[in-house]
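Please open the model in a viewer and keep the sequence panel at hand.

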Amino acid sequence: MAQSGKNLKHGSTRQQPLVGDYTFGSVTDKISAIVLRGRTPRNWYFGFAVAFLLVMVLLWSVGYLFLRGVGIWGINMPVAWGFAIVNFVWWIGIGHAGTLISAILLLLRQQWRTSINRFAEAMTLFAVACAGLFPLLHLGRPEYFYYLVPYPATTGMWPQFRSPLMWDFFAVATYATVSLFFWYVGLIPDLATLRDRAKRRFSRIAYGFLAMGWRGSARHWQRYQRAYLLLAGLATPLVVSVHTIVSLDFAVSIIPGWHTTVFPPYFVAGAIYSGFAMVLTIAIPLRAVYGLQDLVTARHLDNMAKVMLASGLVVAYGYLIEAFIAWYSGNLFERYMMLNRAFGEYGWCYWLLIASNIVVPQLLWFRSVRHSVPLLFVIALVINVGMWLERFIIVVVSLSRDFLPSSWGLYVPTFWDWATFIGTIGLFAALLFVFIRLLPMISIFEMRELLEESKGEHS
Amino acid sequence: MPNSAPQRPGPSETSRQYWRSLSEQAGNEELQRYLARAESAVGAEFSESNRRDFLRLLGASLALAGVQGCLRQPEEKIVPYVQQPEEIVPGKPLYFATAMTLGGFATGLLVESHMGRPTKIEGNPRHPSVPAVPWKGNPHEAPGVSDAFAQAAILTMYDPDRSQTFTRAGEISTWDAFVSALRPVLEAQRDRQGRGIRLLTETITSPTLADQIRRFLATYPEAQWVQYEPVNDDNALAGAQMAFGRYVAPRYDVDRADVILALDADFLIEGPDHLRQAHAFAARRDVRDPAQSPISMSRLYAVESTPTLTGGKADHRLALSSAEIETFLLALASRLEIDVAGSEENLPKRTRQWLDAVADDLRNYRPRGESGSALVLAGRWLSPRAHAVVHAINEKLGAVGQTVTYAEPALAEPTLQYRAFAELVEDMRAGRVETLCILGGNPVYASPGNLDFAAALAKVPFRVRLGLYDDETSARCDWHLPQAHFLESWDDARAYDGTASIVQPLIAPLYQGRTPTEIMAALLGEPGKTAHEIVKQYWQQQIGDGGDFEATWETSLHDGVVAETQAPTVSVTVDTSNLNGSPSDAAAVASSPNSGTEHLDLVFRPDPTIWDGRFANNGWLQELPKPFTKLTWDNAALMSPGLASSLRLNDGDLVQIEYDGRSVTAPVWRLPGQSERTVTLPLGYGRRRAGQVGRGLGFDAYALQTITSPWHGQGATLRRLGQSVDLACTQHHHWMDGRDLVRSGTLAEVQQDPQHPAFMHSEHAGDLPSLYPEFEYDGHKWAMSIDLNRCTGCNACVAACQSENNIPVVGKEQVAMGREMHWIRVDAYYEGDVHQPRVVHQPLPCMHCEKAPCEVVCPVAATVHDEEGLNEMVYNRCVGTRYCSNNCPYKVRRFNYLQYSELDEPTLKMMQNPDVTVRNRGVMEKCTYCVQRIAAARIDADNSGHPIEDGQIVTACQAACPSQAIVFGDLNDAESRVHSLAESPLNYALLGELNTRPRTTYLAGVRNPNPALEQFEADSQS
């Protein structure tokens, strides 16, 4: 992505991270108006209503879950993990893009990240929130979840630190915390802007409270930059660690299809893949609805498509290596696992996965595809589905046929499996809608910086 | 001497009513619930005379009983013990000997009782039907083997669906009302010599009841007594009559047989002495036994129409239709130079070659020299003539005196039941029966459909029915009398060899149950007599009134057998002139089995887990996976995969089966090993009135049964209905796919190199490296060994485990979802030919791995390794991540997906083993190696100062196993049996290559194929 400067020099407006004749004031106006002055679009109400309804579905299914127990789902012996874990891994994966865009691209000085990082971060937070629900909900006795927390109990019991679930607990908790801080710290200057521009007293107080007394002094900016960089530095290893640890949930076990050393890199790549797909899934409608084509430009979409293509190839490599090792190891169980994946009861999932995660994304090699917004949107959706299928195949299909044929069995999701899953999609969407309505979805001050920098380069 | 079992308190007439402060118990939820129940009319009836015992056993307080004073209550024994009874130590169970009957014959039991509550059933090793198992431990406490039916009897006793009250035409009534209703009926019959009276019982061996019936028949000489058991031995009795001119009971000693041919005979699994047979058979097949030198074992041939577990153990098995089996038998008889008429033209060439080899082996296979002998066994399904021919063959082979002896039948009155039953129905229909007393049994449901017993019953003016359940028969009777369960009754019964046992109660009847002897007493005009008085009086007469009667009585109760009551053996010879039987028999045999492609053979068999339907309301038995099919909660029309595919049928597809003008709708299940054109219809399902558990499951095969040919029928047609139903099955895959799971080899391989038989792979022997440090075991190191050569797959271990460990029943839907809770399961795998495979069984408890994959992945340390090597489950710590189960390569862990344990039903709560935690929703559980028994032994050892001896700890599965395939013990004890088994060259670890280092290891199966046939079978397969 180092060619961004070069592109700018060529003067190709289509390649710029910012299009149009903006000044500091107009950029600020444009973004803050969405929150402060613009009439809430009717679409917003409609979208939020749908999302809210799905949140109610979530509450309903969680309520029933707590009433009856995890037996309302389709899980069984041998498939003791079902949708809950599939969804957990899927959401966590989606949650990767935000931090990647914010932290790593910040450190790599990829300015084009600026107009997408805010909502990507928000998306991360919300995805992690959705993901975080599942490990709790999937417990047989969720009321005792705190047994996983290392606290000095009178029983003298500590968690069992050899268990990857334990590591998982820490990894996800750390990731959620750091992501939240990073997002919030990034919001502070903009919250101050909103405070200053808000007309209504309540808004002024609320934004003022959240802005924590930001005045925009040079000292503030200096400390702010340092803190932001530090947080970015902290968050960077987390991008790798979270999904590595999540992958260890599987890789540490002995189940064929889980016990695989390629999992950590392959999971991380998959997470980035699905994360970017989700960012695109959200960015494309957003920029259309709010007319942000100037800020989230074709170049952003192009770059994100390239990242997807690259991470998609790593994922494809992962699939290939899994199949190769299954054959090369000469291990009967591994070989059977692979055959069962491709040709067993769930074989159609595998081929759908290959189609959506490997075949379809190859279209992204073509520049015309990368610049066709509807196509990009469809491809992003396909990848979202594909990545969900990948987790389904890893979790469910591996468990359904392990070592002893006598214990083999199928997993069929029940109504409640679907309701809980769809409910979390509703929760995710509802949180996004609230975010869009109440907070600047694009970082105002960073856009101003970008404007300044690009002007400097032009002159 | 722990035999002073509680007697039922007599009906108390002197009760006064007490009121106590209700506020004492305010807020006691259990009480509130109980009161709510008790206030209803049913509740008030349901505990008239024995509520006190009931409540005490509920664990309710004295105050609780006080509040109950608003209902009638016997006033005695309401105070706490002034003197502690000698035997009762709170927390320590007592064992009482008693006996259970099935088909009339007794199996001796030892029942564990906790503070007056029976909780667990074991076999009584002093009883002749229970093999003597050599234990080093205290012989008085050593449990004997048992079967699934015996294990599950405890659940029937506590079944809240059991009939609780007397009813008259459906209205609640009383015993006194019954007695007064009976009096005029008997008065009216007295003058007519009882011409209109019929007694209908199941097969009776009880000397007391038989004596009462005979006395009744003496008073009413024209009355008749009919015995009818849905699964009876008519054919065997008629066969003995045909061969010997009299009824005799053969007794078999399979451990003395070198070669056995079982013709549709499931002798390892059913029959009054199957426990003994299974044990003896296993003993003769145990190649590790040092007494057997040179190494040898018996050889078993099985010819059968539908797969049985005995056929599964056979070295060579041949599937033939019922008619072909008879032809096969006659052909065999001719080869052995017995003069029988029969043509073997119908037999295919392959079958004839097989027959040649078997005939040759029966004569010549004597691995232990000339002392050995052969044995041919005929199942009860074969025709009388076949039984007679088998007697002749055994005589010809010199088996009599060696492997078979003849004795007087243990039955009180041997009769041909179908004939008598058909006559009874005829009399009923003709209006000749005015009073019918049905004592036990359920003939309205469990009788051949073409007889239409129900319609005939409607013509009887006065119908009395004593039954455990208010079932199909009770619904059609004027009077229903609740029967006391055998665990609540004084009674007696004889074993297969005639040895009598006193059935003593473990608890006063939970409801108002009466025994058949009490009903007979009422018929004899002695309605007040209790069963205890009746049984004791009878035996007093038998043993004599001498001063030592009490001592003899006590000894008999304690031992569970009455000494010297064995039936005498008789010396009989076969009258070969009778063997050709009636012409109709011969015609039946000669008729071609393949009468057109449309027509199929039907065979009717009792269901493997709910038998003739009597156990239909028993959740444990319903959920017990049936051998081979692993179906639960349903029966299905079993057919060979070949037939199913030719009819384009899949598992669960509904078909209409039409036979003899009647039809039933049944789901299909494919069963390899089934005779090609035979459809097996298991009896016992399709109950219309069985209780909450058993009602409406499966289809009723009795509807197609005919009284003339109850066990098989020819010329059935089958029509696809195009619909299908879901059947709940616990094992969907039966092929090992080249995985090294169940190892087996041949005797020849063992003989060749006893230390390293060729079939024992050894590439993974020894321990692979591990990152985790080794555990040190200073004390005990528990381990289990399971001998696949001994295991028959009978399920006794599964039922025993369920009873011992408070394992809940989950129901059909949950089983279908793959959530059954059994801690030990019996896997069945097929080997070889797809259509006629060999089957192997593998019981699978927790492996208690040394490097347990479950332990490292639990985030909260809820499953941990203990200092004696047990892989323990800490229920209180478990949060239910289920990761342990995912990471278990054996998938032996079970999860409480929903609230499966019954927490509300008072009687079912009483049934729970107090030594085992009842698990609630959201908790993982699994086999513990019966850690409660280990703990009990450890406490004993600590108290007495004697270390735990080998054999002192017996796990529930081990105790129950009829063939003693399971051995538990201490690997650190070099003298222990489990240690020597672990050293055996046949020992192997399941999935040992995963380095889990399981503590439960297996001994490979060894077969003894006939070299001549093995080549032949290989040829015919290719």
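A residue is called buried if 20 or more other C-beta atoms lie within 10 Å of its own, exposed if 12 or fewer do, and partly exposed in between, with C-beta atoms placed from the backbone. The structure is a predicted model, in which local features need pLDDT of at least 70 and side-chain atom pairs count only at pLDDT 80 or more, while totals for chains, interfaces and linings use all residues. Residues are numbered from 1 along each chain as its sequence is written, and chains are lettered from A and ligands numbered from 1 in the order in which they are written. Helices (H or I, at least four residues) and strands (E, at least two) are DSSP runs, numbered from the N terminus.

**Stop 1: a helix of chain B**

Select residues 384-396 of chain B, which form helix α13. Of its 13 residues, 11 are buried, so α13(B) is largely enclosed by the rest of the structure. The buried residues are B:Pro384, B:Arg385, B:Ala386, B:His387, B:Ala388, B:Val389, B:Val390, B:His391, B:Ala392, B:Ile393 and B:Asn394. The end C-alpha atoms of α13(B) are 18 Å apart, which agrees with the 18 Å that its 13 residues should span at 1.5 Å a residue; the expected span is 1.5 Å times one less than the number of residues. Just after this helix, B:Gly398 takes a positive phi of about 75°.

**Stop 2: a sheet of chain B**

Next, display the open sheet of 3 strands in chain B, ordered β1-β2-β3 with antiparallel pairing. β1 (94-102) and β3 (117-123) of chain B stand at the edges with a single partner strand each, so one side of each has no neighbour in the sheet. The twist averages 40° from one strand to the next. Two strands pair if DSSP finds at least two bridges between them; β2 (residues 105-114) and β3(B) pair in the antiparallel sense over 6 bridges. Look here for B:His114, which stands opposite B:Arg117 in β3(B).

**Stop 3: two helix pairs of chain B**

Select α5 (residues 148-158) and α24 (residues 796-804) of chain B, which pack at an angle of about 25° with their axes 8 Å apart. Axes are lines fitted to C-alpha atoms, for helices over the stretch in contact, and angles run from 0 to 180 degrees between N-to-C directions. The angle makes α5(B) roughly parallel to α24(B), a class that covers angles under 35 degrees. The contact is made by B:Ala148, B:Gln151, B:Ala152 and B:Ile154 of α5(B) and B:Ala796, B:Ala799, B:Ala800 and B:Ser803 of α24(B); residues are in contact if their C-beta atoms, placed from the backbone, lie within 7 Å.

Then select α7 (residues 207-219) and α17 (residues 516-523) of chain B, whose axes come within 10 Å and cross at roughly 20°. This makes α7(B) roughly parallel to α17(B). Among the residues of α7(B) that meet α17(B) are B:Leu209 and B:Phe216.

**Stop 4: the two chains together**

How many residues of chain A are in contact with chain B? There are 40 residues of chain A in contact with 43 residues of chain B. α7 (164-197) and α12 (332-343) of chain A are the elements that give two or more residues to the side touching chain B. The largest share, 4 residues, comes from α7(A).

Finally, centre on A:Asp402, in the loop between α15 (373-400) and α16 (415-438) of chain A. A:Asp402 counts as buried because it has 28 C-beta neighbours inside 10 Å. Not counting residues up to four places away in sequence, A:Asp402 touches A:Pro78, A:Ile255, A:Pro256 and B:Pro889.

Technical notes
Two residues are in contact if their C-beta atoms, placed from the backbone, lie within 7 Å. Angles under 35 degrees count as roughly parallel, over 145 as roughly antiparallel, 65 to 115 as roughly perpendicular and the rest as oblique.
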